[in-house]
Amino acid sequence: MQHNVLILDFGSQYTQLIARRVRELNIFCEIYPFNHFPDDLSSFKAVILSGSPFSVRADDAPHPDLSQIRGKKPLLAVCYGAQYLAHFNGGEVAPSNIREYGRANLTYIKDDEIFFDEVALHSQVWMSHSDTIKKLPSNGVKLASTKDVENAAYRIEGETTYAIQFHPEVYHSTDGKQILENFLVKIAKVEQSFTPNAFVEDCISELREKVKDDKVVLGLSGGVDSTVAAVLLNKAIGKNLYCIFVNNGLLRKNEFENVLHQYKDMGLNVKGVDASDRFLSALDGIEDPEKKRKTIGRVFIEVFDDEAHKIEDVKWLAQGTIYPDVIESVSVKGPSATIKSHHNVGGLPDYMKLQIVEPLRMLFKDEVRRVGRTLGIDDELLGRHPFPGPGLSIRILGAITQEKVQILQEVDAVFINGLKEHGLYDKVWQAGAILLPVNSVGVMGDERTYEKVVALRAVESTDGMTADWVHLPYDFLMKISNEIINKVKGVNRVVYDISSKPPATIEWE
Ligand code: XMP
């Protein structure tokens with residue numbers, strides 16, 4: 001059984017970052033909303049309270065009952081958490097006279113405190129709050145200050161309770177990870193045993209215990225998550241895993257054949273189903289992006305359902321759900337407003353009556369990749385750019401035809417292969433081409449042309465939530481533009497998308 005750390009989320013934008021830093025220390029942790037955490041806390045070795053956009057002084061601010069935690073488990077309270085502990089325990093929290101936002105340096109650190117082991121005076125920390133702790137709570141011992149923040153860190157005498165007003169999880173806090181390690185490892189004595197190897201071992205034995213001799217069906221997409229989930233299940237239950245890889249006709253050029261081949265080489269029991277015609281005829285004449293997504297989602301379920309029914313006695317549906325999807329759905333502020341419906345998040349309809357198994361539901365994306373590496377999955381497959389479920393359909397603006405799909409596949413192949421050949425692919429988070437519903441005038445030889453315009457898009461991002469356009473070298477863009485116009489019939493103009501997200505999104509539809 002892994003040692004586990006509980007992170008109580010008060011709605012801070014940085015809560016997931018706390019979890020990631022803790023995981024980087026090879027310590028398992030789980031995030032729960034402050035108002036919905038388990039009654040039985042016996043499996044948690046330590047607790048961390050996150051920051052929050054609220055002021056503790058506001059009536060509607062999170063005020064959870066910490067009686068099962070405070071004084072009973074090692075506790076680290078960050079920012080709002082630190083103010084919360086102070087406010088309700090004899091301290092004083094008040095609006096700050098000056099802006100306490102951004103970089104600061106520790107001008108005082110109390111001697112001989114394990115909490116600040118290996119943290120030097122003047123170490124940089126990241127502040128982000130408008131309230132400040134004017135007076136420490138009862139039995140509070142000041143541990144550190146900055147120029148503007150007297151009570152930057154404190155502990156409670158007689159308890160393993162620590163509190164800091166800065167954010168150790170943010171990279172700008174230079175020794176933030178050291179402080180987390182001091183608290184979790186040296187003070188709370190949490191084991192650093194959550195490694196990819198340990199995960200694989202535990203996961204395989206849990207999967208065996210859970211599904212026993214039952215059959216499991218899984219939809220492979222060519223992406224990292226479904227692939228890693230499949231390889232784990234394959235190791236656990238072998239031929240009882242039935243993978244289905246559907247060609248919706250909107251994949252990249254030769255993707256279906258290549259990836260199917262790779263899957264077979266990996267020893268997966270996989271069936272490739274070419275349903276391109278079914279998808280394309282269902283999409284005929286549809287221009288609205290959301291209708292495209294819904295149509296593809298519906299046809300995918302129909303095709304998958306048909307195939308799953310051919311597997312006699314299948315009991316389980318495996319999915320490559322990862323941790324950000326799980327915590328998003330229980331976040332303090334509720335799921336964010338739908339800007340685009342991502343059809344693969346909803347899952348399959350109830351009538352399929354399958355039980356769900358999600359081996360990766362506790363992992364972040366980078367952890368999935370590390371687990372994939374441990375499992376010996378090819379780096380090329382693990383490093384692939386994200387690709388939307390509705391595929392090229394949402395990169396062909398307006399109605400979709402077979403001819404447009406072919407044009408876009410060719411353009412996309414030139415761009416993606418070019419990125420690989422020039423060593424740029426791994427520097428980019430996601431790239432692709434968009435076929436615009438516009439014709440433009442050009443001249444080729446002595447002839448006037450009136451053909452399609454394509455846009456190229458390449459972005460840097462960590463999670464797709466925000467993104468910056470990549471400053472690809474002009475020489476590279478020139479080569480790619482020439483190659484596209486020379487090679488792909490029907491295209492006479494190439495433009496490059498220089499919009500960031502927000503306010504634009506990554507996909508055009
Ligand atoms: P946007 O366009 O919302 O994209 O900035 C963010 C990330 O999500 C991908 N994306 C999708 N993925 N189904 C998916 O599986 C979809 O309908 C979908 N729409 C966008 C997009 O490629 C980017 O990685």
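**A salt bridge and its surroundings**

Author: The side chains of E113 and K110 form a salt bridge, with 3.1 Å from N to O. The model is predicted, so read each value as computed from that model. Start with how covered the two partners are. E113 has 9% relative accessibility, so this residue counts as buried. K110 has a relative accessible area of 26%, so K110 is partly exposed. The cut-off for buried is under 20% relative accessible area. E113 falls under that cut-off because its value is 9%.

Now take two other salt bridges. R370 and D366 meet through their side chains at 4.0 Å, N to O. Both sit in helix α10, which covers residues 365-374. They are four residues apart, so about one helical turn separates them. R370 is partly exposed, at 31% relative accessibility. D366 is partly exposed too, at 28%. The other bridge pairs the side chains of R373 and D379, at 3.0 Å from N to O. R373 has 45% relative accessibility and counts as partly exposed.

Back to the opening pair. K110 and E113 belong to one network with R155 and E157, joined by salt bridges that share partners. The structure holds 30 salt bridges.

Charge also gathers elsewhere. E201, D202, E206 and E209 form a patch of negative charge on the surface. One of them, D202, lies in helix α4, residues 196-211. D202 has a relative accessible area of 32%, so it is partly exposed.

Next, the backbone. In general, most residues other than glycine have a negative phi, and most peptide bonds are trans. Two asparagines have a positive phi. N26 is not a glycine, yet its phi is about 60°. N26 sits in the loop between α1 (15-24) and β2 (28-33). Its relative accessible area is 25%, so N26 is partly exposed. N139 is not a glycine either, and its phi is about 65°. N139 lies in the loop between β6 (124-135) and β7 (140-146). With 53% relative accessibility, N139 counts as exposed. The cut-off for exposed is over 50%, so N139 passes it.

Then come two cis peptide bonds. The bond from K501 to P502 is cis, with omega near -15°. The bond from P502 to P503 is also cis, with omega near 10°. P502 lies in the segment after β18, the strand at 491-496. P503 is found in the segment after β18 as well.

Finally, step back to the whole chain. Its secondary structure comes to 13 helices and 18 strands. Buried residues make up 53% of the 509 residues. Along its principal axes, the C-alpha trace spans about 80 × 60 × 40 Å. A compact globule with 509 residues would have a radius of gyration near 23 Å. The chain has 26 Å, which agrees.

That is the setting for the pair at the start.

Methods
Residues are numbered from 1 along each chain as its sequence is written. This is a predicted model: local features need pLDDT of at least 70, side-chain atom pairs count only at pLDDT 80 or more; totals for chains, interfaces and linings use all residues. Side-chain values use heavy atoms; hydrogens and water are left out. Patches are made of residues with over 30% relative accessible area and no salt bridge: like charges are joined within 9 Å, nonpolar side chains (Val, Leu, Ile, Met, Phe, Trp, Tyr) within 5 Å. Accessible areas come from the Shrake-Rupley method with a 1.4 Å probe; for residues, only the protein chains shown count as cover. Lys and Arg count as positive and Asp and Glu as negative; His and the chain ends are not counted. The place of a charge is taken as NZ of Lys, CZ of Arg, CG of Asp or CD of Glu. Buried means under 20% relative accessible area, exposed over 50%, partly exposed in between (1.4 Å probe, protein chains only). The radius of gyration is taken over C-alpha atoms; the globule rule is 2.2 Å times the number of residues to the power 0.38.
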